[in-house]
Amino acid sequence: MAYFKGQKRRLSFMEKYMTGLRPVDCPVCGSGKSTVLGARSRGGLSINSVLCANCSLVYLNPKPLPEKYHEFYASGDYRRFLNIVKGAKTGDDINNFFTEKKFIDRKEYGAQIARKYFSNILVKDDLYFDFGCDSGGIMAGVRDETGCRIMGNEPSRLCADFIRERLGVRILCCGMEGMCDSDKEIYKGKAKAASLIGVLEHVNDPIACLNIAYGVLSDGGFLYVESLDILKRMERNKESVEDAATIDHQYYFHEDVYKYMLRSCNFEVKRFDYDEKGKIMRVLAQKVGPESPKNRFEAAEIVDRISRLNSEAARYQAGIFRRAGKKAAQAARKVLKWKSPS
Ligand SMILES: [Zn+2]
């Protein structure tokens, strides 16, 4: 996919995160066997995306160190990066993130989630824990809809301060993996429902995070999880992994690997939906005991499918550029002809 030189220049602050990349095994199944699907991400950053040959997870490898990711989220660079990748001229308008409209939109979305997934689960005074709660809109909507108590975590101090002022809740100002043992103990088994909304792709160890959520939930408690389905995006947008990958997403999930991952962490999938555009997976899973049976998981077919989609999209993109190049050359020839003295 095309990116612009100006965009790359505006992303120069990202260079500090790109040094000392570390090779990793698949964080979901531990396999070291993978194939490279792409060598750069959106914004033109040089980073490999690979496909696990065993479980079909798509992940960055080698990738920035965990402490660099921590700095990326805590410093506000994440919001600057997003602004630029999404087309803003400058990344510095991070305060625009805390607009009333955005908060109200997220709050309405939280209320929708509560109506669709948490009715008959969350009632007044139950605890709902939103991991990676961002600016608190979702938790505000869930609280309004159900009357539950709310708690969450978020590494950004700006978000934590905003939530304290806006909702009167002192969230844990840390990344999910940075939750200290005493906080894990305080909330152990306390939440009737929890959520990971667009979070698992950002963390260093998604399995460890699912285990943290498992610990915070009460027996039989419910976890709502949401992530982009990379396969749906590639199919619908005719994109290769390079077109879709961004460095803030360390992993790309799809239905098979998502269900496998939840099951291996002792969550039983109760509902599996997509958003209106058919790209975001919305899953409600219930905490079950470790003794419950786990399905066998065969990834070979899905591994082939992702590889095929990736090369088809690359050919499709190359065709577009070839045609665009021809048109540009024809237009240039016309201009030259028009300008040249007859
Ligand atoms: Zn794997």
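Residue numbers start from 1 along each chain, following the sequence as written. Since this is a predicted model, local features need pLDDT of at least 70 and side-chain atom pairs count only at pLDDT 80 or more, while totals for chains, interfaces and linings use all residues.

A quick word on labels: helices (H or I, at least four residues) and strands (E, at least two) are DSSP runs, numbered from the N terminus. Axes are lines fitted to C-alpha atoms, for helices over the stretch in contact, and angles run from 0 to 180 degrees between N-to-C directions.

**The sheet**

Pairing here requires DSSP to find at least two bridges between two strands.

E7 (residues 217-228) runs antiparallel to E10 (residues 280-287) over 7 bridges, and Ser227 sits opposite Met281 in E10. E9 and E10 are also an antiparallel pair, with 7 bridges; there, Phe272 stands opposite Val283 in E10. The hairpin of E9 and E10 has 5 residues between the strands, and Gly278 in that hairpin has a positive phi near 75°.

Is Val225 buried or exposed? Val225 counts as buried because 25 C-beta neighbours fall inside 10 Å. The cut-offs, with C-beta atoms placed from the backbone, are 20 or more other C-beta atoms within 10 Å of a residue's own for buried, 12 or fewer for exposed, and partly exposed in between. Setting aside neighbours within four places in sequence, Val225 is in contact with Leu196, Leu200, Val283 and Ala285, where contact means C-beta atoms, placed from the backbone, within 7 Å. Val225 and Ala285 are 60 residues apart along the chain, yet their C-alpha atoms are separated by 7.9 Å.

**H4 against H5**

The axes of H4 (residues 100-118) and H5 (residues 137-146) come within 6 Å and cross at roughly 50°. That makes the two helices oblique to each other (under 35 degrees is roughly parallel, over 145 roughly antiparallel, 65 to 115 roughly perpendicular, and the rest oblique). Residues meeting across this pair include Phe103, Ile113 and Phe118 in H4, and Ile138, Met139 and Val142 in H5. The contact of H4 with H5 divides into 10 nonpolar, 4 polar and 6 charged residues.

Most residues other than glycine have a negative phi, and most peptide bonds are trans. Here are some angles to set against that.

| Site | Angle |
|---|---|
| Asn120 | phi near 70° |
| Asp125 | phi about 75° |
| Asn61 and Pro62, cis peptide bond | omega about -5° |

Asn120 is in the loop between H4 and E4, and with 6 C-beta neighbours inside 10 Å it counts as exposed. Asp125 is placed in the loop between H4 and E4; Asp125 counts as exposed because it has 10 such neighbours inside 10 Å. Pro62 lies in the loop between E3 (58-60) and H2 (66-74).

Methods
Contact = placed C-beta atoms within 7 Å. Nonpolar A, V, L, I, M, F, W, Y, C, P; charged D, E, K, R; others polar.
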